[in-house]
Amino acid sequence: MLAMSYRGPFKVRADKARPYPEIEHPNDAIVRVLRSCICGSDLHLYHGLVPDTRVGTTFGHEFIGEVVETGSGVSKLNVGDKVIVPFNIACGQCSFCQQEMYGCCHEANPQATAVGGIFGYSHTTGGYHGGQAEYVRVPYADVGPMVIPDWMDYDDAVMLTDVVPTGYQAAEMAGIQKGDTVLIFGAGPIGIMAAKCSWLFGAGRVIGIDRLDYRLEFAAKYAQWEVHNFKSLGDPVVFAKQTTDSLGADVCIDAVGCEAAGDAMNTLLGRKMLLQGGSTTALHWAINSVKKGGIVSIVGVYGPTNALVPIGNVVNKGITIRASQASVKRLLPKLIDHVKNGIISPKELITHRIPMEEVAEAYHIFSCKLDNCIKPVLIPPSASA
Ligand SMILES: NC(=O)c1ccc[n+]([C@@H]2O[C@H](COP(=O)([O-])OP(=O)(O)OC[C@H]3O[C@@H](n4cnc5c(N)ncnc54)[C@H](O)[C@@H]3O)[C@@H](O)[C@H]2O)c1
Ligand SMILES: [Zn+2]
Ligand SMILES: [Zn+2]
């Protein structure tokens, strides 16, 4: 079958002779992929920033598909079902899953106390192949996958595997109170969705900061927030104070993560020398821009090693930091309703539909932010009809 294959930093290719996945456990299903997105998180892998990313691995944690085979232990899914597959792989039974912390499952990535299981996200998250392929093995098939409602567009469905729940959880963790000023760093798909969802929680003002004008323009239209390019702001922290009567935003959201630009020292330490788990520039700005007693919500991904953050300011300002991989399964029922009711239209973020055979070009476009790309989706040959 066709599958994306990692060859080393900045190199991926379409492997046309990958063996079909097989049922390895009675609770597995095999899914024929219908849509598979590339995520900002995949770029961290592509850029060689995630430890133990092995050559030959297939990425892809944002996919939907049709069930073509089920193990003997699977009772809730049937062959022919079209399913949304959450990016977290979760057993549904461990103590973390029982608390609905599906991103922290202790069975899907056994022995790992620092991260759960994720499709196609290096051996640090369990070593599972991902869904940027024609077929994929889905473990714990009765737990995560959810049948796509008849009325739902596939492009909306694939955005429910990660982007919508992550944006929603970013706003939820921020504990937004009615009328709050929310400052969001990053206007990629995640930051844009966090802005959209901030309004749902009652924000009075939502401000976005990025460095790419085309994204800011798109984001402003999609989520009706005020947006700024940090390259023309001077110091974003000073701007945050000036625009909020000197105190700072009520809440800040980091929707950038480990590849943040904007500070040469952080870029050198975190992205070039790999002395810390990524560049922490956006997180610095978030901590320093939030008001005393405020909340910083982090969904941007950082590496597993230590990172320099202004912890003194966190303590002295009495800031609450909340952070997580999104708990997709917990949020799906509510978010499906939001799509049904027209409150969120996720597919509008998809700017590029690219045949899976051209996966190398797709990564290049998304990585270099070419062609006004917001979100690319890969279409496998067997799904293009
Ligand atoms: N926690 C989760 O469950 C989860 C899920 C999905 C994605 N993520 C993470 O969220 C982050 C965003 O994902 P995405 O798909 O939107 O990525 P993306 O690469 O499309 O967007 C990131 C944006 O951040 C901007 N940026 C860079 N430096 C900045 C800075 N200092 N201040 C403000 N903006 C800056 C970039 O220009 C870009 O537009 C990534 O780190 C990704 O790994 C986390
Ligand atoms: Zn993702
Ligand atoms: Zn579990």
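**Exercises on salt bridges and a zinc site**

Glutamate 172 counts as partly exposed, because its relative accessibility is 25%, where buried means under 20% relative accessible area, exposed over 50% and partly exposed in between (1.4 Å probe, protein chains only). The model is predicted, so local features need pLDDT of at least 70 and side-chain atom pairs count only at pLDDT 80 or more, while totals for chains, interfaces and linings use all residues. Residues are numbered from 1 along each chain as its sequence is written, chains are lettered from A and ligands numbered from 1 in the order in which they are written, and side-chain values use heavy atoms, with hydrogens and water left out.

**Exercise 1.** Find which side chain meets glutamate 172 in a salt bridge, and state where the two partners lie.

*Solution.* Step one is the partner: the side chain of arginine 330 meets that of glutamate 172 at 2.7 Å, N to O, a salt bridge being a side-chain nitrogen of Lys or Arg within 4 Å of a carboxyl oxygen of Asp or Glu. Step two is the location: arginine 330 belongs to helix α11 (residues 328-340) and glutamate 172 to helix α4 (residues 163-173), so that the pair links parts of the chain 158 residues apart; helices (H or I, at least four residues) and strands (E, at least two) are DSSP runs, numbered from the N terminus.

**Exercise 2.** Decide whether arginine 35 and aspartate 155 are buried or exposed, and which parts of the chain they tie together.

*Solution.* Begin with the contact, in which the two side chains form a salt bridge at 2.8 Å, N to O. Arginine 35 sits in strand β3 and aspartate 155 in helix α3 (residues 154-159), so the pair ties together parts 120 residues apart in sequence. Finally, both arginine 35 and aspartate 155 are buried.

**Exercise 3.** Describe which atoms coordinate the zinc ion (ligand 3) and what geometry its site has.

*Solution.* First list the donors (N, O and S atoms within 2.8 Å of the metal, or 3.2 Å for Na, K and Ca): they are the SG atoms of Cys91, Cys94, Cys97 and Cys105, at 2.3 to 2.4 Å. Along the chain, the donors follow the spacing C-x2-C-x2-C-x7-C. Last, cysteine 91 and cysteine 105 are both buried.

Methods
Tetrahedral: all angles 85-135°; square planar, octahedral: opposite > 155°, others 65-115°.
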